[in-house]
Amino acid sequence: MSWGTELWDQFDNLEKHTQWGIDILEKYIKFVKERTEIELSYAKQLRNLSKKYQPKKNSKEEEEYKYTACKAFLSTLNEMNDYAGQHEVISENMTSQITVDLMRYVQELKQERKSNFHDGRKAQQHIETCWKQLESSKRRFERDCKEADRAQQYFEKMDADINVTKADVEKARQQAQIRQQMAEDSKADYSLILQRFNQEQWEHYHTHIPNIFQKIQEMEERRIVRIAESMKTYAELDRQVIPIIGKCLDGIVKAAESIDQKNDSQLVVEAYKSGFEPPGDIEFEDYTQPMKRTVSDNSLSSSKEGKAELKFGGKSRGKLWPFIKKNKGVTPEDFSNFPPEQRRKKLQQKVDDLNKEIQKETDQRDAITKMKDVYLKNPQMGDPASLDHKLTEVTQNIEKLRLEAQKFEAWLAEVEGRLPARSEQARRQSGLYDGQTHQTAVTNCAQDRESPDGSYTEEQSQESEHKVLATDFDDEFDDEEPLPAIGTCKALYTFEGQNEGTISVVEGEMLSVIEEDKGDGWTRIRRNEDEEGYVPTSYVEVYLDKNAKGAKTYI
């Protein structure tokens, strides 16, 4: 099968067909180009999606990723980022191996097609020129033959006419002979041109046109093969990333399988465990006895006697409950506004961070010391004295960090030493800290406590209620005996007691202890005989009198 023999007379149709083939190839190139743009857009959207749901650094959201379910979700986001990368690879490979390559090939194909059809038109023009020469020779031969016939007939007519002179007859004869010779010459010329045309025509339709059409056929077949190879490459480029995409999906499955609900439940316990024990039984209070009664420390009753228990102006007879309301201000340095267990974790974390800072500064100091030694041995490298200021600064930083660490370690040791021994009143405070609603006068009258930097506050509505209660019950309790001192204490730091129920102390001041720390981080003290209140236990050094009534051994 050859276009040169089968389609020898379809030059124009072949020209249209080959142009259509180039249009198809350009259409395929455009298709692949748009596919690469889609892949890039898809990859970009996947990356943006993954970035959108990534946890923000140094935020509360980042802390949530300690749970296995959140870790699995984070792994999924990372795998989706890699998944997007594979779509970018598809786009890049299709652009370099298909789009760019085919665009270059199309230009070459157009040039080759133009050359082949130019040769075809040139061959057609040549055969048409030969045909015109043949037609011209044929018409000349026909004309000369007719002229010879007319001259012969004229001669015969003159020769038969007796009235014509002999000279006229001879002239007619000679003219007839001339015309006859011209016809013979035209015949010979026509015959020669005809033979030459037949030869040219045979070569045209059996050699020139077949060769040209064969080149066009090969060009078209190469185009078809090229587009077929491009389609295979198109599929292969997709197939190449399938294993990596499969690994991404396997990573997501592995992350999902790593989710441990028990572990997450344990993390919830560690995150929110207060360290308090549940409240114990409430003691029976016998009001039939004519003895002087006071409300039990364990009572959460809503009785009026419970309301009357609290005296205002810094003379509270009942225990004030910490952790009732949290101020939205700055957290105290010693985390005293946290429950014991959470406070221990915060302090431990702070100690660990400080130790890391100390190690970092120590490494820097060692590096500066080594550099100084090098400068001492090789003065041309630098001035050793130039490092003294930096070395002094780093050493001071280390000392400051160590003092800071010792302070937090002391608080941590205090918390760890107190956690196992929890009083009944501390368990009551745990109940209040967890947010249980008690319709009792004790809760209504409870005063907010403030840590050294004012992390607790008191609502205006409670102040109004306190004033009313104080008016109702002041007469009943004005004559109460003040609580006896069970020891003394020394203020280690200055504390500004701004909220009701607390008392301000100055560093180094000696005061009387009338109620020791019951596990909530606060100690009740007295200055002189009129002024008493609560201060953070970590701010004072307590010396208990073992012989005093109600005193316990201080650890």
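Predicted model: local features only at pLDDT ≥ 70, side-chain atom pairs only at ≥ 80, totals over all residues.

Biologist: Which residues point each way from strand 3, and are they buried or exposed?

Modeller: Trp522, Arg524 and Arg526 point one way from strand 3, and Thr523, Ile525 and Arg527 point the other way. With six of its six residues buried, strand 3 is largely enclosed by the rest of the structure. For both sets of residues in strand 3, the answer is buried.

Biologist: What is the order of the strands in the open sheet?

Modeller: The sheet has five strands, and their pairing is antiparallel. Its edge strands, each pairing on one side only, are strand 4 (531-536) and strand 5 (540-544). Neighbouring strands are turned by 40° against each other on average, with direction ignored. The order is 4-3-2-1-5.

Biologist: Which residue in strand 3 is the bridge partner of serine 512?

Modeller: Strand 2 (residues 510-515) pairs with strand 3 (residues 522-527) in the antiparallel sense over three bridges. Valine 513 has isoleucine 525 as its bridge partner in strand 3. For serine 512, the partner is arginine 526.

Biologist: Which residue in strand 4 does arginine 526 stand opposite?

Modeller: Strand 3 also pairs with strand 4, in the antiparallel sense and over six bridges. In that pairing, arginine 526 stands opposite glutamate 532.

Biologist: Which residue takes a positive phi in the hairpin of strand 3 and strand 4?

Modeller: The hairpin of strand 2 and strand 3 has six residues between the strands, and glycine 519 in its turn has a positive phi of about 105°. The hairpin of strand 3 and strand 4 has three residues between its strands. There, a positive phi near 60° belongs to asparagine 528.

Biologist: Which residues make up the uncovered face of strand 5?

Modeller: Strand 5 pairs with strand 1 (residues 487-491) in the antiparallel sense over five bridges. In strand 5, lysine 490 has glutamate 541 opposite. The covered face of strand 5 consists of Val540, Val542 and Leu544. The uncovered face consists of Glu541 and Tyr543.

Biologist: Which element gives the most residues to the largest nonpolar core?

Modeller: This core has 31 residues, and Leu25, Tyr28, Met94, Ile98, Phe213 and Ile216 touch the most other members. The elements that give two or more residues to the core are helix 2 (11-52), helix 4 and helix 5 (166-257). With eleven residues, the one that gives the most is helix 4.

Biologist: How many residues are in the other core?

Modeller: The other core lies apart from the largest one. Its members include Leu511, Ile525, Tyr534 and Val535. The number of residues in it is 16.

Biologist: Is aspartate 119 buried or partly exposed?

Modeller: Aspartate 119 is placed in helix 4. Its C-alpha atom is separated by 9.0 Å from that of isoleucine 209, which is 90 residues away along the chain. Its relative accessibility is 30%, so aspartate 119 counts as partly exposed.

Biologist: How far apart in space are glutamate 128 and glutamine 201?

Modeller: Glutamate 128 also lies in helix 4 (residues 68-160). Glutamate 128 is partly exposed, with a relative accessible area of 46%. Along the sequence, glutamate 128 and glutamine 201 are 73 residues apart. In space, C-alpha to C-alpha, the distance is 9.5 Å.

Biologist: Last, what share of the residues in the protein is buried?

Modeller: The secondary structure comes to twelve helices and five strands. Among contacts between residues at least 6 apart in sequence, 74% join residues at least 24 apart. Of the 555 residues in the protein, the buried share is 38%.

Technical notes:
Residues numbered from 1 in each chain as written. Heavy atoms only, no water. Helix = DSSP H or I, 4+ residues; strand = E, 2+ residues; numbered from the N terminus. Buried < 20%, exposed > 50% of the residue type's maximum accessible area, 1.4 Å probe, protein only. Core = buried A, V, L, I, M, F, W, Y, C linked by side-chain atoms within 4.5 Å. Pairing = 2+ DSSP bridges. Axes fitted to C-alpha atoms, helices over the stretch in contact; angles between N-to-C directions. Contact = heavy atoms within 4.5 Å.
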